[in-house]
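Please keep the model in view while reading the points.

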Amino acid sequence: MFERFTRGARATVKGAVAQAERTGAGSVTEEHLLLALLEQEGGRASFAVTALGLHDRRSSLEASFAEARRRGGLTRADTDALAGIGIDLGAIVSRVEGAHGEGALDADRRSRRWWWSGHRPFTTGAKTVLENALRVALGRGDRFIGEEHLLLALTAKPGVVADVLAEHGATYTAVERALYGSDDGAAGQGHAQAG
C-alpha cells in the first residue's frame with residue numbers, strides 16, 4: 001500500500017512520527033497525522049486546510065485534542081450520551097484527577113514499548129486512517145494515495161479527530177468541497193467513504 005503514497009503523503013506519515021516524538025507520545029495517533037498534515041505545504045490538502053481556516057486555528061485544534069485526552073479520549077458524542085443518562089463526565093474527570101493527578105485519564109498512556117524497538121507503533125486508529133485513505137482514493141478512482149485522501153479519511157473515521165475537525169467546520173463534505181469543488185463529477189464517487 002505504501003508504494004501508492006505520494007511524496008506528500010509519505011512526508012505526512014513521517015511528520016506524524018516526528019509529532020509523536022516531540023510530544024513524548026508512546027505511539028503515533030490520528031491526532032499526530034492531522035497535525036502533520038497541517039504542516040504540509042503546497043499540496044491539495046494544504047490548500048483545503050487553508051481554505052477551511054484550520055491553519056489559523058491550530059491552537060484551538062490542539063486545545064480541543066488536549067481536552068479530549070483529559071476526558072480519556074471520549075468524543076463529544078460520548079460525553080453527551082453519558083450526560084443523557086445522568087453521568088456528568090466533567091465531575092468524574094475532576095474526581096479522578098483530584099485523586100490521581102492532572103491528566104490521569106489521558107488516552108495516551110505513554111507506553112514506552114518503542115524504547116526497545118526504536119520505533120513508535122501506530123495506534124489501531126492511525127492504521128485505520130491509513131487504510132481508509134486507500135479506500136477513499138479507490139472510491140475517487142485515483143491510483144495514488146495523497147495527503148487529500150488522508151485528510152478525507154481523518155474526517156470519515158468516527159472519533160475525536162473527526163469530532164474536533166467537525167467542530168472547526170471541517171466535515172467530510174466540507175473538506176471534499178474544498179478539495180474538489182462542488183461541481184466535480186468525481187466528488188460523488190468519494191462517498192464510498194472510509195469506514
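**Notes on the fold**

1. Helices (H or I, at least four residues) and strands (E, at least two) are DSSP runs, numbered from the N terminus.

2. A word on the source. This is a predicted model, in which local features need pLDDT of at least 70 and side-chain atom pairs count only at pLDDT 80 or more, while totals for chains, interfaces and linings use all residues. Residues are numbered from 1 along each chain as its sequence is written, and side-chain values use heavy atoms, with hydrogens and water left out.

3. Next, overall burial. Of the 195 residues in the chain, 45% are buried. Buried means under 20% relative accessible area, exposed over 50%, and partly exposed in between (1.4 Å probe, protein chains only). The accessible surface of the chain is about 10000 Å², and 52% of it belongs to carbon and sulfur atoms. Accessible areas come from the Shrake-Rupley method with a 1.4 Å probe; for residues, only the protein chains shown count as cover.

4. Contacts span the sequence. Among contacts in the chain with a separation of 6 or more, 66% are between residues 24 or more positions apart. Contact means heavy atoms within 4.5 Å.

5. Look at helix H9 (residues 147–156). How many of its residues are buried? The count is 10 of 10. Among them are Glu-147, Glu-148 and Thr-155, as well as Leu-150 and Leu-152. The cover over H9 includes helix H1 (7–23), helix H2 (30–39) and helix H3 (44–51). It also includes helix H8 (124–140), helix H10 (160–167) and helix H11 (172–180).

6. His-149 deserves a close look. The residue sits in helix H9. Its relative accessible area is 0%, so His-149 is buried. Its side chain makes a polar contact of 2.7 Å with the side chain of Asp-142. A polar contact is a pair of N or O atoms within 3.5 Å; within protein, one must be able to donate a hydrogen and the other to accept it, and residues adjacent in sequence count only if both atoms are side-chain atoms. The side chain of His-149 also reaches the backbone nitrogen of Gly-146 at 2.8 Å. Leaving aside residues up to four places away in sequence, His-149 touches Ala-133, Val-136, Ala-137, Asp-142, Phe-144 and Tyr-180.

7. In soluble globular proteins, nonpolar side chains tend to be buried together. Here the largest nonpolar core has 45 residues, and Leu-54, Leu-151 and Leu-154 touch the most other members. The elements giving two or more residues to this core are H1, H2, H3, helix H4 (58–70), H8, H9, H10 and H11. A nonpolar core is a set of buried Ala, Val, Leu, Ile, Met, Phe, Trp, Tyr and Cys residues joined through side-chain atoms within 4.5 Å. Leu-151 touches Leu-34, Leu-37, Ala-45, Ala-48, Val-49 and Val-175, not counting residues up to four places away in sequence.

8. Charged pairs come next. The whole structure holds six salt bridges. A salt bridge is a side-chain nitrogen of Lys or Arg within 4 Å of a carboxyl oxygen of Asp or Glu. One of them joins Arg-120 to Glu-21, with the closest N and O atoms 4.0 Å apart. Arg-120 lies in the loop between helix H7 (114–117) and H8, and Glu-21 in helix H1, so this pair ties together parts that are 99 residues apart in sequence. Arg-120 counts as buried at 12% relative accessibility, whereas Glu-21 is partly exposed at 46%.

9. Two further bridges are worth checking. Arg-58 and Glu-39 meet at 3.7 Å, N to O. Arg-58 is in helix H4 and Glu-39 in helix H2, 19 residues apart. Glu-176 lies in helix H11 and Arg-140 in helix H8, so the pair ties together parts that are 36 residues apart in sequence. Glu-176 is buried, at 5% relative accessible area, and Arg-140 is buried, at 6%.
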